[in-house]
Amino acid sequence: MTRLARFEQTVLPHLDAAYNLARWLTRNEHDAEDVVQEAFMRAMRYFDRLKGNEARPWLLAIVRNTCWSWLEKNRPAEVVALDDAGTVSADAESLGQVSGMDANPEVILLRSANRKLVNQALEELPVAFREVIVMREIEDLSYKEIASIAGIPAGTVMSRLSRGREMLRRAIENRMRRAS
Amino acid sequence: MSLGTRKDPGEEPLIARDATYYRAPDALRARVMSAVRREAREEARPAFWRWGGMAAAFAVVALVSWNVALLQARGSEEDRLAREVETAHVRSLMVDGHLNDVASTDQHTVKPWFEGKLDFAPNVADPAASGFALMGGRLDYVNGRAVAALTYRHRLHVVNVFEWPSAGGDSAPVLLTRRGYAIVHWTHGGLAYWAISDTAGEDVLKLAQLLS
């Protein structure tokens, strides 16, 4: 089988995942399409470095890096440096505060929040938090996979995830309060 | 780690599960596939051919500035032949059955077919391994004489290669483009070659190299 045929068989099936991630990170369909095309060309170039059958996280890492480069160039204000060393412990505490939320009526309310509301709130999340939530909850990737895609430790993935969920929860609540 | 023991993060409510999963539009799928193929082709091509087109362009520019008069004389001859070659190429593809008098992928079938029909033995190659499959050949009429026209398939593109005897010495391939067609002409071993196709100029140059 030629290199191109192998690429089309192993990498191309993950086009939806690539587009979904790029669409959530750029928040714009045209920019997402440009980023995805660029990412696939890079993937073809570095195809020999793909080992085993981990094509999806491998491709998504390229898409994610292409997105971040694109954001840094075109929307530098959206890419803010995060002090993860300082936020991990703080997140562990805030996680303690929000534990037990499942039974809370607020959460039940949240679950009925419509798709549009969730989409809008998620889009407004800072990109570093948005990307881990998209990868975990929409793309259903494991912590380990997210860690390798984003190039951050698994502990940071968890802390960003819980902090991101907390921010998202508040954003949705605020929107619902304003709507009612 | 305390985070894990305090609460299994996997059990947290999925806040964003109602968010949209954006599927790639069909147009993007097509766009990505063609970009990937372009990228694969670019990689497969040796550096020589990547820069060959540019080098050829520089060479032509240099020639122009060196001797305008000579080039004009050659240019009108070249232009006339290019027009004839283009006409013959287009006509060969107009109706099914025009392309080949002898349709065969076997060079040992195609070459003997010309015997007795021409006053020279055309060069018939089969560079299928390099991406150019022999399709067959026919008689045609170019430059005021009967010539051999060999046809090769490169992916979905047909390449016509016209051959006739030339008194001049060998000359390196020259790439021309006319109305979207890539035309490459060169002289080798006493034969003038004119190759034409709607594929990329580099591809026709590659065939020229394979036939020389």
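The model is predicted. In chain B, seven strands form an open sheet with antiparallel pairing. In chain A, helix 2 and helix 8 pack at an angle of about 150°.

**Chain B overall**
- Chain B has six helices and seven strands.
- Its elements run α-α-α-α-β-α-β-β-β-β-β-β-α from the N terminus on.
- Chain B holds 212 residues, and 27% of them are buried.
- Take the contacts in chain B between residues at least 6 apart in sequence: 53% of these join residues at least 24 apart.

**The sheet of chain B**
- Strands of a sheet pair through backbone hydrogen bonds, either parallel or antiparallel.
- Here the pairing is antiparallel, and the strand order is 1-2-3-4-7-6-5.
- Strand 1 (102-103) and strand 5 of chain B are the edge strands. Each of them pairs on one side only.

**Strands 5 and 6 of chain B**
- Strand 5 covers residues 171-178 of chain B, and strand 6 covers residues 181-188.
- Six bridges link these two strands in the antiparallel sense.
- B:Val174 stands opposite B:His185 in strand 6 of chain B.
- B:Arg178 has B:Tyr181 in strand 6 as its bridge partner.
- The two strands form a hairpin with two residues between them. In that turn, B:Arg179 has a positive phi of about 50°.

**Strands 6 and 7 of chain B**
- Strand 7 covers residues 191-197 of chain B and runs antiparallel to strand 6.
- Seven bridges join strand 6 to strand 7 of chain B.
- B:Trp186 faces B:Tyr193 of strand 7 as its opposite residue.
- This hairpin also has two residues between its strands. B:Gly189 there takes a positive phi near 55°.

**Positive phi in two other loops of chain B**
- Most residues other than glycine have a negative phi, and most peptide bonds are trans.
- B:Asn143 is not a glycine, yet its phi is positive, at about 60°.
- B:Asn143 sits in the loop between strand 2 (133-142) and strand 3 (145-154) of chain B.
- B:Asn143 counts as partly exposed because it has 16 C-beta neighbours inside 10 Å.
- B:Arg155 is not a glycine either, and its positive phi is about 50°.
- B:Arg155 lies in the loop between strand 3 and strand 4 (157-165) of chain B.
- B:Arg155 is exposed because 11 other C-beta atoms lie within 10 Å, and the cut-off for exposed is 12 or fewer.

**A helix pair in chain A**
- Two packed helices are described by the angle between their axes and the distance between the axes.
- Helix 2 spans residues 15-26 of chain A, and helix 8 spans residues 127-138.
- Their axes are 10 Å apart, at an angle of about 150°.
- Angles over 145 degrees count as roughly antiparallel, so helix 2 and helix 8 of chain A are roughly antiparallel to each other.
- Helix 2 of chain A passes helix 8 of chain A in a right-handed crossing.
- On the helix 2 side, the contact uses A:Asn20, A:Leu21, A:Trp24 and A:Leu25.
- On the helix 8 side, it uses A:Val127, A:Arg130, A:Glu131, A:Val134 and A:Ile138.
- By class, this contact between helix 2 and helix 8 of chain A has six nonpolar, one polar and two charged residues.

Note on methods: Residues numbered from 1 in each chain as written. Chains lettered and ligands numbered in written order. Predicted model: local features only at pLDDT ≥ 70, side-chain atom pairs only at ≥ 80, totals over all residues. Pairing = 2+ DSSP bridges. Helix = DSSP H or I, 4+ residues; strand = E, 2+ residues; numbered from the N terminus. Axes fitted to C-alpha atoms, helices over the stretch in contact; angles between N-to-C directions. Parallel < 35°, antiparallel > 145°, perpendicular 65-115°, else oblique. Left-handed = near helix turned anticlockwise from the far one by under 90°. Contact = placed C-beta atoms within 7 Å. Nonpolar A, V, L, I, M, F, W, Y, C, P; charged D, E, K, R; others polar. Buried ≥ 20, exposed ≤ 12 C-beta atoms within 10 Å, placed from the backbone.
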